Amino acid sequence: MTQLQKIALGIFFLVLSAFSLLEVINELAEIQKNKENINQASFEIILVILSFGGMIYFTYLFFKQGKHQRELETNLKQVREQLESSNVRLRDGKKEYQEVIQWQFNEWALSPSEKEVALLMLKGLSIKEVSQARSTQEKTVRKQASAIYEKSGLGGRHELSAWFFEDLL
């Protein structure tokens with residue numbers, strides 16, 4: 001709630017409070033003048049007092065809700081900051097991990113095509129999906145995969161994946 005809204009609400013409640021007080025005073029004057037309408041005047045006084053009490057209660061709830069909203073906004077801001085920090089760390093970790101993978105590919109002396117095939121296989125793509133992604137024949141991808149396994153000394157796709165992911169878990 002803005003400061004202007006708080007001021008407007010305060011003025012509204014002051015006017016309502018003044019009106020309620022004047023109504024009670026008016027009813028008390030009516031009771032003194034006319035003893036016959038004491039029940040009606042008493043009822044009206046009680047009604048005004050209850051209305052005023054309700055107004056105070058709803059004001060309390062309104063400000064309590066505002067406080068709760070501010071707390072939620074603060075918590076949300078903190079969570080967003082933590083999420084951003086986590087995302088930065090994840091991006092940094094991902095970049096470092098990609099560098100490690102590329103370093104290992106270089107150590108195995110993989111060709112650029114073999115590196116691309118190996119990376120796609122590490123991402124879980126099948127031979128058919130790799131061939132579609134690279135617009136090549138499945139036979140070509142199979143040959144490149146065999147070359148990757150031979151150069152790396154690994155027995156197949158599962159060992160290739162295990163080589164890179166085993167220590168992460």
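How many aromatic pairs does a search of the whole structure find? Here is a friendly note that starts with that question and then walks around the model.

1. **What you are looking at.** This is a predicted model, in which local features need pLDDT of at least 70 and side-chain atom pairs count only at pLDDT 80 or more, while totals for chains, interfaces and linings use all residues. Residues are numbered from 1 along each chain as its sequence is written, and side-chain values use heavy atoms, with hydrogens and water left out.

2. **The aromatic pairs.** The search of the whole structure gives seven aromatic pairs. Rings of Phe, Tyr and Trp (for Trp, its six-membered ring) pair if their centres lie within 6.5 Å; planes under 30 degrees apart count as stacked, over 60 as edge-to-face and the rest as tilted. One of the pairs joins tryptophan 108 and tryptophan 163, and this pair is tilted, with 5.6 Å centre to centre and 50° between the planes. Tryptophan 108 sits in the loop between α2 and α3 and tryptophan 163 in helix α6, so the pair ties together parts that are 55 residues apart in sequence. Ring pairs also link Phe105, Trp108, Trp163 and Phe164 into a cluster.

3. **Buried or exposed?** Let's set the words first: buried means under 20% relative accessible area, exposed means over 50%, and partly exposed is in between (1.4 Å probe, protein chains only). With a relative accessible area of 9%, tryptophan 108 is buried.

4. **Helix α6 and its buried face.** Helices here are DSSP runs (H or I, at least four residues), numbered from the N terminus. Which residues of helix α6 are buried? In this helix, residues 157-165, they are Leu160, Ser161 and Phe164. Seen down the axis of α6, these buried residues fall within an arc of 95°, so they line one face of the helix. The arc is taken from the directions from the helix axis to the C-beta atoms. The buried residues of α6 pack against α2 (38-107), α3 (112-122) and α5 (138-152).

5. Take a look at Tyr57, Phe58, Tyr60 and Leu61, which make a nonpolar surface patch of about 440 Å². Patches are made of residues with over 30% relative accessible area and no salt bridge; like charges are joined within 9 Å, and nonpolar side chains (Val, Leu, Ile, Met, Phe, Trp, Tyr) within 5 Å. The areas come from the Shrake-Rupley method with a 1.4 Å probe, and for residues only the protein chains shown count as cover. Phenylalanine 58 is found in helix α2, and at 57% relative accessibility this phenylalanine counts as exposed.

6. **Salt bridges.** How many salt bridges are there? The count comes to four, where a salt bridge is a side-chain nitrogen of Lys or Arg within 4 Å of a carboxyl oxygen of Asp or Glu. One of them joins lysine 151 and glutamate 114, whose closest N and O atoms are 2.7 Å apart. Lysine 151 lies in helix α5 and glutamate 114 in helix α3, so the pair ties together parts that are 37 residues apart in sequence. Lysine 151 is partly exposed at 37%, whereas glutamate 114 is buried at 9%.

7. **Another bridge from α3.** The side chains of glutamate 116 and arginine 134 also meet in a salt bridge (3.4 Å, N to O). Glutamate 116 is in helix α3 and arginine 134 in helix α4 (residues 127-134), so this pair ties together parts that are 18 residues apart in sequence. Glutamate 116 is partly exposed at 39%, and arginine 134 is buried at 16%.

8. **Around the end of α4.** Serine 131 lies in helix α4 and is buried, with a relative accessible area of 5%. Leaving aside its neighbours within four places in sequence, serine 131 is in contact (heavy atoms within 4.5 Å) with Thr136, Gln137, Glu138 and Val141. Serine 135, by contrast, is exposed at 68% and is placed in the loop between α4 and α5.

9. **Two positive phi values.** Phi of serine 135 is near 55°, a positive value in a residue other than glycine. Alanine 109 has a phi near 60°, also positive in a residue other than glycine, and lies in the loop between α2 and α3.

Conventions. Helices (H or I, at least four residues) and strands (E, at least two) are DSSP runs, numbered from the N terminus.
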